[in-house]
Amino acid sequence: MGISTKKPVFNLRPGTKIRGKWHQNTYQIVKVLGSGAIGTVYLALYNQRSVALKISHQPSAITTEVNVLKAFEKAQGKRLGPSLIDVDDWVPKQADSYSFYVMEYLKGQSLNSFIQQKGDDWLGIMMIQLLGDLHQLHQIGWVFGDLKPENLIVTHSPSRLRWIDVGGTTKQGRAIKEYTEFYDRGYWELGSRKADPAYDLFAVAMVMIQVYYPDRFDKGHQPYQTLMNKIKANQQLRSYRTCLEKALRGQYSSSAQMQKELAQKIAEKRKQPIPRSQPSAATSKQKSYTSVQQKSSPPKWLESLGIATVTGVLYVFYLLLQVISTF
Amino acid sequence: MKKGTIKQILLITDGCSNQGEDPASISSIAYQQGISVNVIGVLEDDDSEQPEGLEEVEDISSAGGGVSRIVYAQALSQTVQMVTKQAMTQTLQGVVNQELQQILGDEKSMEDLPPEKRGEVMEVVEDLGETSDLEVLILVDTSASMSPKLATVKESLEDLSLSLNARTGKNRFAIYSFPGKKQPVNEIMPWTNKLQNISSVFPKLTSGGITPTGPALKEAIHHFQSTPKLEGWSSENGDIYEETGF
């Protein structure tokens with residue numbers, strides 16, 4: 001974002017102690033985790049425990065985000081966002097007041113670096129997880145809004161995609177609160193900025209695309225055509241093509257529907273070897289659907305991908321079973 | 001709470017005013033008339049972060065009860081919609097704070113409430129932001145130095161319309177440019193619900209080096225249809241949030 005005449009982001013030195021005006025809890029700043037238009041998120045210590053603390057000059061923005069986190073807590077089932085620990089004001093000097101909230105600190109790595117490390121197959125798995133969480137969110141009447149890799153994190157053992165910033169979360173039927181151009185269907189001229197489940201699904205497709213185009217790209221004169229060309233030009237994305245296409249065009253009415261079709265794509269992908277310079281037709285024909293057989297006689301192309309992939313494959317089947325059983 | 005209309009002027013400029021009245025004083029008059037004034041200062045690509053000349057940007061917006069930002073042209077789209085929405089929230093919060101004062105007594109605003117109680121108040125502000133009607137008069141500086149940026153300005157305004165039309169409340173937009181040939185401002189687009197295909201009406205040619213921001217703002221105030229005819233510049237009890245009968 002641009003330069004503001006008022007400084008929305010400020011620097012708190014490591015070691016600074018923040019004592020809340022209302023609840024009197026003390027947090028010790030460790031380092032900056034990230035900053036955005038509304039405020040800055042710090043890693044902080046509270047009773048020897050690591051927490052994430054978001055602080056801002058705008059009490060209204062903090063209140064809005066806290067409202068969202070509270071709504072998440074009311075949701076049934078697994079936790080959607082980071083859990084909320086405290087909300088308070090910090091008044092270091094008179095007439096100098098900040099609002100902040102404290103949440104669970106999620107430690108992990110970015111989606112892109114995780115995929116790079118673990119292999120392309122994990123993208124599908126992570127997206128299946130994401131779509132499952134989005135389905136829950138949509139069912140309680142919300143839309144994530146500002147869905148982008150910067151707002152996601154992969155936590156470990158087990159590898160799980162989590163949301164770390166809920167600032168864009170908007171009630172369905174309202175105008176999207178916060179968005180980022182590259183992930184916004186309005187920018188790509190493919191729909192409105194009214195919050196509906198399809199808005200998030202568009203962003204899911206864009207998150208997948210950016211994994212293979214991390215520098216992003218311009219929309220050009222024909223935005224949809226630009227996207228299609230980028231998908232066709234990449235082997236990994238090509239294998240999800242119809243699924244991505246439907247998400248970009250807003251043809252999925254629910255997250256669960258996209259999740260199911262994506263799971264099918266992943267299964268198909270497993271059956272077809274990634275073409276090599278010398279494709280071995282024989283192995284590809286014998287490719288079996290069951291994980292047991294694949295494990296006992298792994299085809300050549302799979303060998304080269306290593307054990308991590310095998311684990312991935314098993315996990316995909318596990319997820320597939322889960323998904324299929326829900327329908 | 002009643003549904004009402006929020007009135008804003010959005011000034012997009014890249015330089016310092018150099019002719020006519022002081023824009024900040026006109027801006028405070030607009031605020032008294034119930035119109036908040038937001039300003040976006042557009043930087044040259046090779047500008048440093050805080051060039052001289054754009055300093056008055058914050059003066060104008062703070063006098064006008066609005067929001068200001070200084071950005072490079074690439075960031076214009078996101079900034080235009082952020083500034084507009086933030087100014088709406090600011091206005092509505094002012095209204096809600098007034099109501100709170102009536103309930104809770106003097107000197108009470110949302111910040112005086114404990115954090116647990118702010119949530120509900122903020123929900124009211126958000127509801128109003130979603131449902132209120134909004135009138136935005138966009139005032140674009142088309143002096144010579146702005147001309148390479150006008151394509152971006154045009155795009156960002158179409159984008160603004162897309163963002164605001166996702167709301168439940170009604171929107172009305174008008175676009176004026178300054179300086180005009182003989183009068184302080186030129187009408188580019190009269191009041192309309194949607195800004196689409198505005199490229200055809202956007203001026204291709206621009207005028208010389210004068211930037212009469214003050215006179216242009218003064219003229220802009222008169223172009224709000226719902227603003228009652230003014231009997232001079234002394235009205236003091238203008239209400240920033242005009243309530244309509246519902």
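A residue is called buried if 20 or more other C-beta atoms lie within 10 Å of its own, exposed if 12 or fewer do, and partly exposed in between, with the C-beta atoms placed from the backbone. By that count, buried residues make up 37% of the 327 residues in chain A. This is a predicted model, in which local features need pLDDT of at least 70 and side-chain atom pairs count only at pLDDT 80 or more, while totals for chains, interfaces and linings use all residues. Residues are numbered from 1 along each chain as its sequence is written, and chains are lettered from A and ligands numbered from 1 in the order in which they are written.

Chain A has 12 helices and 12 strands, taken as DSSP runs (helices H or I, at least four residues; strands E, at least two) numbered from the N terminus. Of the contacts in chain A with a separation of 6 or more, 58% join residues 24 or more positions apart, a contact being a pair whose C-beta atoms, placed from the backbone, lie within 7 Å.

Chain A is divided into domain 1 (17–104) and domain 2 (111–273 + 293–325), with bounds that come from an automatic or database domain assignment. Between these domains of chain A, 10 residues of domain 1 are in contact with 10 residues of domain 2.

Where the two chains meet, 29 residues from chain B and 25 residues from chain A take part in the contact. On the chain B side, the elements giving two or more residues include α2 (56–63), β3 (68–72) and α4 (115–131) of chain B, and α4(B) supplies the largest share, 8 residues.
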